[in-house]
Amino acid sequence: MSAPHGGDAADTGRGSPYWRRYFEAAAHEGDDHARVGYTNARYAALMHATLRRALGSLAGRRVLDAGSGDGQVLAPFAGAARIVAMDFTGAMSARAARRGLVGVRADVTRPPFRPQSFDDVLCA
């Protein structure tokens, strides 16, 4: 059985070196919405509008984006809330920080935060 993108199937488990290398490399490939799963910038804008309606005001809230990647999903909310973008790769966390989020490198299965640290937790 082969893994996505030609990797070794044995190297595809949670936190595996394969996926860490994959996302570290992806973080250096530009700012293309299609690269991270959106069809294009138009649909990314629709997603952000939908999130605004679903989440309501995040003003003054503490929000964790667990498995944030480069922070594209919640970056438009950065001015209103304190958003922590947690991803298991340093390069993705750094990109999230450049988008105005607080980038934290950590595994979602072992978050480095105390209970009740956040008002909202999203994994989008």
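1. How many helices and strands does the chain have? This is a predicted model, and in it the chain has 3 helices and 4 strands. Following the sequence, they come in the pattern α-α-β-β-α-β-β.

2. On to the sheet. The 4 strands form an open sheet with parallel pairing, in the order β3-β2-β1-β4. At its edges sit β3 and β4 (120-122), each of which pairs on one side only. From one strand to the next, the twist averages 20°.

3. Two of the pairings are worth a look in the viewer. Strand β2 (residues 82-87) runs parallel to strand β3 (residues 102-105), with 4 bridges between them; Met 86 has Val 104 of β3 as its bridge partner. Strand β1 (residues 62-66) is joined to β4 by 3 bridges, again in the parallel sense, and here Leu 64 has Val 121 of β4 as its bridge partner.

4. Helix α3 lies across both β2 and β3, and its direction is at about 170° to that of β3.

5. Finally, some values for the chain as a whole. Of its 124 residues, 36% are buried. Among contacts with a separation of 6 or more, 47% come from residues 24 or more positions apart.

Note on methods:
Residues are numbered from 1 along each chain as its sequence is written. This is a predicted model: local features need pLDDT of at least 70, side-chain atom pairs count only at pLDDT 80 or more; totals for chains, interfaces and linings use all residues. Side-chain values use heavy atoms; hydrogens and water are left out. Two strands pair if DSSP finds at least two bridges between them. Helices (H or I, at least four residues) and strands (E, at least two) are DSSP runs, numbered from the N terminus. Axes are lines fitted to C-alpha atoms, for helices over the stretch in contact, and angles run from 0 to 180 degrees between N-to-C directions. Contact means heavy atoms within 4.5 Å. Buried means under 20% relative accessible area, exposed over 50%, partly exposed in between (1.4 Å probe, protein chains only).
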